[in-house]
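These are my notebook entries on one protein chain. I record what I looked up, entry by entry.

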Amino acid sequence: MLVLRPADAAETSVAYRMAMENTHTPTGLILSRQDIKDLPAPEGKTRAEAALGALRGGYTAFGPARPDVVLVADGSEVSLLCEVAVLLEADGIRASVVSMPSVGLFNDQDEDYRRSVLPAGVPHFGLTAGLPVTIRMIDGFSGTVYGLERFGASAPYKVLDEKFGFTAPNIYAAVKAMLNR
């Protein structure tokens, strides 16, 4: 099964294209009900051009080519990591943000590509509103994952984000704690 959890409108367009072109397996598009901000466009590309990286399952959506830390997420958590990257930059820490709409497709890529997105020797921090195991299944990921080990809470998403710590200041603190170990 091809599972796709896009991060913004541009990635959703690419994911829809992928679903329509996939004739070998069922496709699951996991979309959010939240009002998600579009990711920033990297220098020299439009956001639509950058979102084509989703065709490979995962790609560096934001940040420098040689980061001090790599932040990894899928879906709505990617925009939160972009906010965290800006906070880290203010501290002189270069963070790249990886959008991983399809772990399966990413794991099917050649090792050189996977290492270009998740370089060895650079700390990795994953964020998921789901089970941490989803991030840990990414080939080449080694690091800390902030996620939930349970389901069932019901409230408006902003209330839940605050309750479970899915805020830029909290995730910034978690990344800093990981880097200071």
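I began with a definition: a contact means heavy atoms within 4.5 Å. I worked from a predicted model, in which local features need pLDDT of at least 70, side-chain atom pairs count only at pLDDT 80 or more, and totals for chains, interfaces and linings use all residues. Residues are numbered from 1 along each chain as its sequence is written, and side-chain values use heavy atoms, with hydrogens and water left out.

Entry 1, valine 97. I located valine 97 in strand β5; strands (E, at least two residues) and helices (H or I, at least four) are DSSP runs numbered from the N terminus. I noted that valine 97 counts as buried because its relative accessibility is 0%. For this I used the classes buried (under 20% relative accessible area), exposed (over 50%) and partly exposed (in between), with a 1.4 Å probe and protein chains only. Beyond its neighbours within four places in sequence, I listed Tyr59, Thr60, Ala61, Phe62, Leu71, Val78, Leu81, Cys82 and Ala85 as contacts of valine 97. I also checked proline 132, 35 residues from valine 97 in sequence, and found a C-alpha to C-alpha distance of 17 Å.

I placed arginine 94 in the loop between α3 (77-90) and β5 (95-99). Its relative accessible area is 36%, so arginine 94 is partly exposed. Not counting residues up to four places away, arginine 94 touches Pro64, Arg66, Pro67, Asp68, Val69 and Glu89. Proline 64 is 30 residues from arginine 94 along the chain, yet I read 6.8 Å between their C-alpha atoms.

I found arginine 114 in helix α5 (residues 111-117). Is it buried or exposed? Arginine 114 counts as buried because its relative accessibility is 10%. I then looked up its polar contacts, meaning pairs of N or O atoms within 3.5 Å; within protein, one atom must be able to donate a hydrogen and the other to accept it, and residues adjacent in sequence count only if both atoms are side-chain atoms. The side chains of arginine 114 and aspartate 139 are joined by such a contact at 2.6 Å. The side chain of arginine 114 also reaches the backbone oxygen of glutamine 109, at 2.3 Å. Outside four places in sequence, arginine 114 touches Phe106, Asn107, Gln109 and Asp139.

I found histidine 124 in strand β6 (residues 124-127), and I recorded it as buried because its relative accessibility is 1%. A polar atom of its side chain lies 3.1 Å from the backbone oxygen of proline 119.

I traced threonine 23 to the loop between α1 (9-21) and β2 (27-29). Threonine 23 counts as exposed because its relative accessibility is 66%. Lysine 45 is 22 residues from threonine 23 along the chain, and I read 30 Å between their C-alpha atoms.

I counted eight helices and seven strands. Along its principal axes, the C-alpha trace spans about 45 × 40 × 30 Å. Of the 181 residues, 44% are buried. Of the contacts with a separation of 6 or more, 68% join residues 24 or more positions apart.
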